[in-house]
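Subject: Handing over the structure

Hello,

Here is the structure we talked about passing on. Please open it alongside this note.

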Amino acid sequence: MSVRVRFAPSPTGYLHVGGARTALYNWLHARGKGGTFILRIEDTDVARSTEESLAAILDSMNWLGLTWDEGPGVEGPHAPYFQSQRGHLYQEHADALIESGHAYRCYCLPEEIEARRVQMAERGEAPRYDGKCRGLDDAARRAFEAERPHAIRFALDPEGETAWDDVVRDRIAFRNDVLDDFVIVRSDGWPTYNFACVVDDHLMEISDVIRGDDHISNTPRQLLLYAALGWTPPRFAHVPMILGADGTRLSKRHGATSAAQYREAGYLPEALDNFLALLGWSFDGKTELFTLDELRERFRLERVGGNPSVFNTEKLDWVNAQHLKRLDEADRIARVREFLNARGHDLSMRDPEWIATLVRAIGDRLKTLADVERHGAFVLDPSFEFDEAAWAELREKLQAAEHLEALAARFEVLAEFAIVDLERETRALAAERGLKAGELIGMARIALTGRKVSPGIFEVVWLLGRKAAVQRLRDAAARWRMDAPRAGV
């Protein structure tokens, strides 16, 4: 049987990193086996499903490089790929289950079911559906039919157990008597997750279901449906949950949780793919850096472990930094330009050498693309402000105003405003004024960037340009004279 896998998100929000990892594992398994990767949209939650969420999910999938062979925009033999458009298929198979005696119509109202569950709990019994409608005779059914909507429930045989050999977790078994007659079609006519999933996975010829371990409790119900419909179930692989640093399930309280947020924060798609792959899977226990092509060649579902993984942002930062270093310079610069444009920075007047110099100046400080904004704020952020500690340090420098004004005068008349000339003139001025070069450079750094730490000072001056650099030096000198008169002139 050829490998056919699916990723089936609900368009009720963004693509969560847990969902992104599930999509990645499915994609890698399909690509590594020469199989088919299907994207199916589970949009039966009509009230919460939105076009905006769908667009965001598709955009994140494409950004991560997880292109699909069948699904939205890529029609295949099992279309449509939206569950909201497959209602006739669910109804057809629900009717077949009723006809075979494996399902029945339930006319109980929600409040009636809840009241009976409360009574069960009071008696010390496990709350569950009590099968009230399972034994209705034809007359009772006709009476209810005239006045109430109905759901459709699966007729469970409570004897025995339902078990399967999970690719990740080995043998898993559930006693049937812990399950109840679960709903397969709600009273509004929409199928439940378990039923729609089984019908679609069978009709789409899915060979392997790879999903999060929060679905383990759904699997016995789905296996019972496969058996009742006379179908062979796929293999199941339940991958471990992702935890936050505090050991609880990853959620919004831990910070960014969607692929889109990491994109906006300046992470590379190949780095996020690499990092997510390692949250549960290992190649040899020591190799940590992979391109998507390398992951496709080396990924094996059988090497996914069952233990939860911790989403460590520091590790992600390291992985991202390594991928940035691996890019050739032209690609790195292009990514930075694209990121800055997306963030609203107008680079239309900047020539290629300017952006290249900015990237080179930041150098190894570039852990994410967003670091360009942070370390390049002196030239990218129009609101220039001094860091309080940095200004306090400059304020204590003797004759700082004179030194800064002298440097401004040098830069203003410099024939060639090139980095090498800026360095030569700065060092010469320091020597003439009896300063160590580092002292003058430190004062200039604070005056030009407002910070004690910045990219190379001569690149800073060049990136600012003659006019802006001279003005900032003189503005800092003027502020120093007003702020620190006791230090002398």
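Below is what was found, taken region by region.

One thing before the details: this is a predicted model.

Start with helix 6, residues 193–203. This helix is mostly covered, with eight of its eleven residues buried. Those eight are Asn 194, Phe 195, Ala 196, Cys 197, Val 198, Val 199, Asp 200 and Asp 201. Which elements cover them? Among them are strand 1 (4–7), helix 3 (87–99), strand 7 (183–185), strand 8 and helix 7 (219–229). Cys 197 has a relative accessible area of 0%, so this residue is buried.

After helix 6 comes Glu 205. Glu 205 sits in the loop between helix 6 and strand 8. Its phi is positive, about 60 degrees, although Glu 205 is not a glycine. Is Glu 205 buried, exposed or partly exposed? The relative accessibility is 44%, so Glu 205 counts as partly exposed.

Ser 207 lies in the loop between helix 6 and strand 8, which spans 208–212. Its relative accessibility is 9%, so Ser 207 is buried. What does Ser 207 touch, leaving aside residues up to four places away in sequence? The contacts are Met 1, Ser 2, Val 3, Arg 4, Pro 234 and Arg 235.

**Helix 13**

Helix 13 covers residues 352–362. Eight of its eleven residues are buried, so the helix is mostly covered. The buried ones are Trp 354, Ile 355, Ala 356, Thr 357, Leu 358, Val 359, Ala 361 and Ile 362. What do they pack against? Their partners are helix 12 (329–342), helix 14 (371–375), helix 15 (377–380), helix 18 and helix 20 (457–464).

**Two helix pairs**

Helix 17 (residues 400–413) packs with helix 18 (residues 419–432) at an angle of about 140 degrees, and their axes are 10 Å apart. Because of that angle, helix 17 is oblique to helix 18. Their crossing is right-handed. Helix 17 contributes His 403, Ala 406, Leu 407, Arg 410 and Phe 411 to the contact. Helix 18 contributes Leu 422, Glu 425, Thr 426, Ala 428, Leu 429 and Glu 432. By class, this contact has six nonpolar, two polar and three charged residues.

The other pair is helix 19 (residues 437–449) with helix 21 (residues 466–483). Here the angle is about 105 degrees and the axes are 8 Å apart. That angle is why helix 19 counts as roughly perpendicular to helix 21. From helix 19, Ala 444, Ala 447 and Leu 448 take part. They meet Ala 469, Arg 472, Leu 473 and Ala 476 in helix 21. Six of the residues in this contact are nonpolar, none are polar and one is charged.

An α-helix has 3.6 residues a turn, so residues three or four places apart point the same way.

**Cysteines**

How many disulfides does a search of the whole structure find? The search finds zero. Cys 108 is in no disulfide, and its nearest cysteine sulfur, that of Cys 133, is 3.5 Å away.

**Single residues to look at**

Some individual positions complete the tour.

- The peptide bond from Ala 79 to Pro 80 is cis, with omega near 0 degrees. Pro 80 lies in the loop between helix 2 (51–63) and helix 3.
- Asp 170 has a positive phi of about 65 degrees, although this residue is not a glycine. Asp 170 belongs to strand 6, residues 170–175. Its relative accessible area is 55%, so Asp 170 is exposed.
- Ala 146 is in helix 5, residues 138–147. With 71% relative accessibility, Ala 146 counts as exposed. How far is Ala 146 from Arg 134? They are twelve residues apart in sequence and 18 Å apart in space, C-alpha to C-alpha.

That is the handover.

Best wishes

Conventions
Residues numbered from 1 in each chain as written. Predicted model: local features only at pLDDT ≥ 70, side-chain atom pairs only at ≥ 80, totals over all residues. Heavy atoms only, no water. Disulfide = S-S within 2.5 Å. Buried < 20%, exposed > 50% of the residue type's maximum accessible area, 1.4 Å probe, protein only. Helix = DSSP H or I, 4+ residues; strand = E, 2+ residues; numbered from the N terminus. Contact = heavy atoms within 4.5 Å. Axes fitted to C-alpha atoms, helices over the stretch in contact; angles between N-to-C directions. Parallel < 35°, antiparallel > 145°, perpendicular 65-115°, else oblique. Left-handed = near helix turned anticlockwise from the far one by under 90°. Nonpolar A, V, L, I, M, F, W, Y, C, P; charged D, E, K, R; others polar.
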